[in-house]
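Please read the notes below with the model open. They are numbered so that each can be checked on its own.

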Amino acid sequence: MKILSVVGARPQFIKLAVLSHEIRKHFDEVVVHTGQHYDYEMSKIFFKNMRIPEPDYNLGVGSAERSKQIKKMIDGLCRIILKEKPSLVIVFGDTNSTLAGAMAASKSGIKIAHIESGMRSFNKSMPEEINRVETDRVSDILFCPTWTAVQNLKKERITKNVFKVGDVMIDSIKRNIGIAEKNSRILGKLKLNKKSYLLATVHRAGNTDIKENLSNIMGALLSIGEKIVFPVHPRTAKCLKLYNLDKKLKNSNIIVTKPLSYADTLILEKNAKKIITDSGGMQKEAYFFKVPCITLRDSTEWTETVNDGWNILAGANKAKIRYAVRNFNPKGKQSENYGNGNASRNIVNILKKFSL
Ligand code: UD1
């Protein structure tokens, strides 16, 4: 069986790294990078540091308005699918590259497997939510990280070939944390002691593209009086400049860095006092490391982290963020909601049973 895996954005490279490792033990794999992320720190660094096989194709679509970007990706992917004739297309998560991969496979009559299927934030103003729902609608094999995801699909009458396998991101943390601890020099480089700082990231369109939201978030971070490490996504960097917020960060409590490698990110997460983020992946990483997470969104698809008490939703509300930084101190234990690190093996074992 030949599998064609589609990736394009930063978190997908991490997911590909663990899954590809298992896939290649049993199947042929062709990797297509859509080019959605293209800066060195957003793309190449992951392939280099995580020893992910170089993509066989890079469509180089770059940034564009959402519908134009997706159309370009679908056109390029359809051409490659026609040439490679895979038995299965695998897509990951909820980005524009995910939806484009699913649409191209569906158009070409090729079966689709969706990794991280069934996640729902029920917030339709987020492009990711639309990407998730539409991708699940056309997928043939649906790999869910949690039982909540399985239930979400059931409510949408999707029950065929739905498998709860755990979360490949947990596989990835378990596989990489030891290596990161040996290799990462980030704490020394930023002159940080363990548990003496907060880690913050912001990149969601809803937080960056609305000036009031980004101003509120930065206002909260600047007034907290704690050391905060702030790796800045290129989208956020552009908006900070546009709204004249970048100047306020100079000589402040905020340590600004460029986007960091996966290893440095894991080390900063594990040793942070608290994490403040609008990333889905970081909410789970915080949960795994038992670091309290303050989520800069009003809803999350990773509901278990909130239900278990380790994640609090603060939106872009300055007062809520400030309150949570001071007073949110969860202590409870976590369950193995996201699996035990065997998701990629579970996925491949299931794929072996399909004759496509
Ligand atoms: C995308 C995903 C999001 C995921 C995130 C991970 C969608 C709709 N969103 O968001 O779910 O959490 O990736 O990082 O697919 N840019 C650069 N260089 C790059 C990449 C982006 O400068 O290498 C800038 C461009 O101005 C671009 C903007 O960032 O327009 C946004 O990039 P895009 O890929 O559209 O969305 P992300 O915010 O990265």
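1. Some terms come before the strands. Buried means under 20% relative accessible area, exposed means over 50%, and partly exposed lies in between (1.4 Å probe, protein chains only). Helices (H or I, at least four residues) and strands (E, at least two) are DSSP runs numbered from the N terminus. This is a predicted model, in which local features need pLDDT of at least 70 and side-chain atom pairs count only at pLDDT 80 or more, while totals for chains, interfaces and linings use all residues. Residues are numbered from 1 along each chain as its sequence is written, and side-chain values use heavy atoms, with hydrogens and water left out.

2. Strand β5 covers residues 111–115, and because four of its five residues are buried, it is largely enclosed by the rest of the structure. Two strands count as paired if DSSP finds at least two bridges between them. β5 pairs with β4 in the parallel sense, over five bridges. Within this pairing, Leu88 has Lys111 of β5 as its bridge partner.

3. Strand β8 (residues 198–201) has parallel partners in β9 and β11. With β9 (residues 228–231) there are two bridges in the parallel sense, and with β11 (residues 274–277) there are four, again parallel. Leu199 can be followed into both neighbours: its bridge partner in β9 is Val229, and in β11 it stands opposite Ile275.

4. Which residues of β8 point one way, and which the other? Leu198 and Ala200 point one way, Leu199 and Thr201 the other, and all are buried. In a regular strand the side chains alternate between the two faces of the sheet.

5. A polar side-chain atom of His37 is 2.7 Å from a ligand oxygen, and one of His233 is 2.8 Å from a ligand oxygen. For Gln36, a side-chain N or O atom lies 2.9 Å from an oxygen of the ligand.

6. On a 1 Å grid over the protein atoms alone, a cavity is a set of points where a 1.4 Å probe fits but cannot get out; a pocket is an open set with protein on both sides within 12 Å along at least five of seven lines, and lining residues have an atom within 4 Å of a point. Points are joined across faces, edges and corners, and a volume is the space filled by probe spheres set on them. The search of the whole structure finds one cavity of 30 Å³ or more. The largest cavity holds about 40 Å³. Its lining includes Ile115, Phe143, Val165, Asp167 and Ile347.

7. Residue classes are as follows: Ala, Val, Leu, Ile, Met, Phe, Trp, Tyr, Cys and Pro are nonpolar, Asp, Glu, Lys and Arg are charged, and the others, Gly among them, are polar. The lining of the largest cavity has seven nonpolar, one polar and two charged residues.

8. The second largest pocket has a volume of about 460 Å³. It is lined by 22 residues, of which Asn49, Met50, Arg51, Asn176 and Ile179 are the closest to its centre. Helices α1 (10–26), α2 (44–49), α7 (168–183) and α13 (262–270) each supply at least two lining residues. By class, this lining has 11 nonpolar, seven polar and four charged residues.

9. Lys85, which is not a glycine, has a positive phi near 45°; it lies in the loop between α3 (66–84) and β4 (88–92). Its relative accessibility is 62%, so Lys85 counts as exposed. Asn161 also has a positive phi without being a glycine, at about 55°, and is placed in the loop between α6 (147–155) and β7 (162–164). Asn161 counts as partly exposed because its relative accessibility is 24%.

10. Asn207 sits in helix α9 (residues 205–208) and is buried, at 6% relative accessible area. Its side chain reaches the backbone oxygen of Leu296 at 2.8 Å.

Methods
Polar contact = N/O pair within 3.5 Å; in protein donor to acceptor, adjacent residues only side chain to side chain.
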